[in-house]
Amino acid sequence: MERQIKHGKYYTCCRLRLLEYLLKKGFEPIKDIPDPHNWKYRHWIFENSVELEDALDEYFEELTKKGA
């Protein structure tokens, strides 16, 4: 049975540390856009996949373990 993707067709990354984590894992954003609320910040758009969601789960699990 195929696993359902939680975040839709695209995932929007708003955190620089998460971006760095995903880049180290080999994921590349397909686009970057300005933050709609603050032009000084960027958001990065990734095409979503099961592998990307696994990496996201790992990232947020590590944050939880660190107590951040």
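This is a predicted model: local features need pLDDT of at least 70, side-chain atom pairs count only at pLDDT 80 or more; totals for chains, interfaces and linings use all residues.
**Entry 1. The cysteines**

Residues are numbered from 1 along each chain as its sequence is written, and side-chain values use heavy atoms, with hydrogens and water left out.

I took a disulfide to be a pair of cysteine sulfur atoms within 2.5 Å. Cys14 is in no disulfide either, and I note 0 disulfides for the structure.

I then checked how open the two residues are. Buried means under 20% relative accessible area, exposed means over 50%, and partly exposed lies in between (1.4 Å probe, protein chains only). Cys13 has 0% relative accessibility, so Cys13 is buried. Cys14 has a relative accessible area of 47% and is therefore partly exposed.

**Entry 2. The layout**

I counted helices (DSSP runs of H or I, at least four residues) and strands (DSSP runs of E, at least two), numbered from the N terminus. The protein has 2 helices and 3 strands, in the order β-α-β-β-α along the sequence. The C-alpha trace spans about 40 × 30 × 20 Å along its principal axes. Of the 68 residues, 26% count as buried.

For contacts I used heavy atoms within 4.5 Å. Among contacts between residues at least 6 apart in sequence, 66% join residues at least 24 apart.

**Entry 3. The strands**

I called two strands paired if DSSP finds at least two bridges between them. E1 and E3 pair in the antiparallel sense over 4 bridges. In E3, Trp44 is the bridge partner of Cys13, and Glu47 is the bridge partner of Tyr10. E2 and E3 also pair in the antiparallel sense, over 4 bridges. Lys31 stands opposite Ile45 in E3.

**Entry 4. Helix H1**

H1 covers residues 16-24, and its buried residues include Leu18, Leu19, Tyr21 and Leu22. They share one side of H1, because they cover an arc of only 160° around the axis; the arc is that of the directions from the helix axis to the C-beta atoms. On the other side, Leu16, Arg17 and Lys24 are exposed. The cover over the buried residues of H1 includes strand E1 (10-13), strand E3 (42-47) and helix H2 (50-66).

Just after H1, I noted that Gly26 takes a positive phi of about 100°. Gly26 sits in the loop between H1 and strand E2 (31-34) and is exposed, with a relative accessible area of 57%. The C-alpha atoms of Gly26 and Pro36 are 27 Å apart, and these two residues are 10 residues apart along the chain.

**Entry 5. Helix H2**

I checked the length of H2. The expected span of a helix is 1.5 Å times one less than its number of residues. For the 17 residues of H2 that gives 24 Å, and the end C-alpha atoms are 24 Å apart, which agrees.

Which residues of H2 are buried? They are Leu52, Glu53, Ala55, Leu56 and Tyr59. Seen down the axis, they fall within an arc of 160°, so they line one face of H2. Glu51, Thr64 and Lys65 are exposed on the other side. E1, H1 and E3 are among the elements that cover the buried residues of H2. Gly67 follows H2 and has a positive phi, near 80°.

**Entry 6. The core**

A nonpolar core is a set of buried Ala, Val, Leu, Ile, Met, Phe, Trp, Tyr and Cys residues joined through side-chain atoms within 4.5 Å. The largest one has 13 residues, and Cys13, Leu18, Leu22, Phe46 and Leu52 touch the most other members. E1, H1, E3 and H2 are the elements that give two or more residues to this core. In soluble globular proteins, nonpolar side chains tend to be buried together.

I returned to Cys13 last. Leaving aside neighbours within four places in sequence, Cys13 is in contact with Leu18, Leu19, His43, Trp44 and Phe46.
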